[in-house]
Amino acid sequence: MTTTEWITDIALVLVVFRQLREGRLDRKTFLIPLGIVAFVAYSYLDSVPTGGNDLVLIAALAGAGAVLGIAGGVYTRIRPLDGHLMIKAGAVSAILWVLGMGARMGFQVWVEHGGGADDVARFSVAHHITGDQAWVTAFVLMAVTEVVTRVATIYVRSRVRAGAPASAASAASSGSAAPVLDRTA
């Protein structure tokens, strides 16, 4: 793995560790992880291989990323406090995030330095996967999908939380507005 790959992978893991401490839900909550995966996608996705069973591999890993991302977003706590929404990644959310990011890092280290290249080559031939670019695309799209679905799940939950009737009723009785997503960056 290159230095850039290590830094990018570690940055994605740190995104959730940053959320283990409760903080305001604001634009940075969404923009930082989306910016990182946009950089990764731009750097590594030249094309999407479609030969053999490449699309099956890509869809399977992207699907795994979606499951991890949605579950991570569901297990992130969102609560109102003083007219703002607060966010805190729970233990399950952090474990799922590290599991997804760590699995990709572990696979890459295993293939490059742990003798896994021959095993992956045999698997690829047996399952009609056309080459390295299919694996790169599959793992990059898994990461992108995990991040996008986690961020989208948190966004949808924050909108529901901000507009929930219970929140509106309690806000009306206290004379304050319903909590909103901070617009600061």
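Me: Which residues touch the most other members of the largest nonpolar core?
Reply: This is a predicted model. Its largest nonpolar core holds 22 residues. Those that touch the most other members are Leu12, Leu25, Trp97, Met101, Val147 and Ile154.

Me: Which element gives the most to this core?
Reply: Helix 1 (3–19), helix 2 (27–44), strand 3 (84–89), helix 4 and helix 6 (132–163) each supply at least two of the core residues. With six residues, the element that gives the most is helix 6.

Me: What does leucine 12 touch, not counting residues up to four places away in sequence?
Reply: Leucine 12 is among the core residues that touch the most other members. Residues up to four places away in sequence are left out of its list. What remains is Pro33, Ile36, Val37, Trp97, Met101 and Val147.

Me: How many residues are in the other core?
Reply: Another core lies apart from the largest one. Among its members are Leu61, Ala134, Trp135 and Phe139. Its residue count is 12.

Me: Is glutamate 146 buried or exposed?
Reply: Glutamate 146 has its place in helix 6. Not counting residues up to four places away in sequence, glutamate 146 touches Gly65, Ala66, Leu68, Gly69, Leu96, Trp97, Gly100, Met101 and Arg104. Buried means under 20% relative accessible area. Glutamate 146 is at 0% relative accessibility, so it counts as buried.

Me: How far apart in space are valine 151 and glycine 73, C-alpha to C-alpha?
Reply: Valine 151 is also a helix 6 residue, and at 8% relative accessibility it counts as buried. Valine 151 touches Phe30, Pro33 and Leu34, not counting residues up to four places away in sequence. In sequence, valine 151 and glycine 73 are 78 residues apart. In space, C-alpha to C-alpha, they are apart by 6.8 Å.

Me: What is the reach of helix 3 from its first C-alpha to its last?
Reply: Helix 3 covers residues 54–74, which is 21 residues. At 1.5 Å a residue, 30 Å is expected. The reach in the model is close to that, at 30 Å.

Me: What covers the buried residues of helix 3?
Reply: The buried residues of helix 3 include Asp54, Leu57, Ile58, Leu61, Gly65 and Gly69. Gly72 and Gly73 are also among them. Their cover includes strand 2 (76–81), helix 4 and helix 6.

Me: Is helix 4 roughly parallel or roughly perpendicular to helix 5?
Reply: Helix 4 (residues 91–113) and helix 5 (residues 117–126) have axes 7 Å apart. They pack at an angle of about 105°. Angles of 65 to 115 degrees count as roughly perpendicular. Therefore helix 4 is, relative to helix 5, roughly perpendicular.

Me: How many charged residues are in the contact of helix 4 with helix 5?
Reply: Helix 4 brings Phe107, Trp110 and Val111 to the contact. Helix 5 brings Ala117, Asp119 and Val120. Five of the contact residues are nonpolar and none is polar. The charged ones number one.

Me: Where is aspartate 82?
Reply: Aspartate 82 has a positive phi of about 50° although it is not a glycine. Most residues other than glycine have a negative phi. At 70% relative accessibility, aspartate 82 counts as exposed. Its place is the loop between strand 2 and strand 3.

Me: Is histidine 128 buried or exposed?
Reply: Histidine 128 lies in the loop between helix 5 and helix 6. Histidine 128 has a positive phi of about 60° although it is not a glycine. Exposed means over 50% relative accessible area. Histidine 128 has 53%, so it is exposed.

Notes:
Residues numbered from 1 in each chain as written. Predicted model: local features only at pLDDT ≥ 70, side-chain atom pairs only at ≥ 80, totals over all residues. Heavy atoms only, no water. Axes fitted to C-alpha atoms, helices over the stretch in contact; angles between N-to-C directions. Helix = DSSP H or I, 4+ residues; strand = E, 2+ residues; numbered from the N terminus. Parallel < 35°, antiparallel > 145°, perpendicular 65-115°, else oblique. Contact = heavy atoms within 4.5 Å. Nonpolar A, V, L, I, M, F, W, Y, C, P; charged D, E, K, R; others polar. Core = buried A, V, L, I, M, F, W, Y, C linked by side-chain atoms within 4.5 Å. Buried < 20%, exposed > 50% of the residue type's maximum accessible area, 1.4 Å probe, protein only. Expected span 1.5 Å × (residues − 1).
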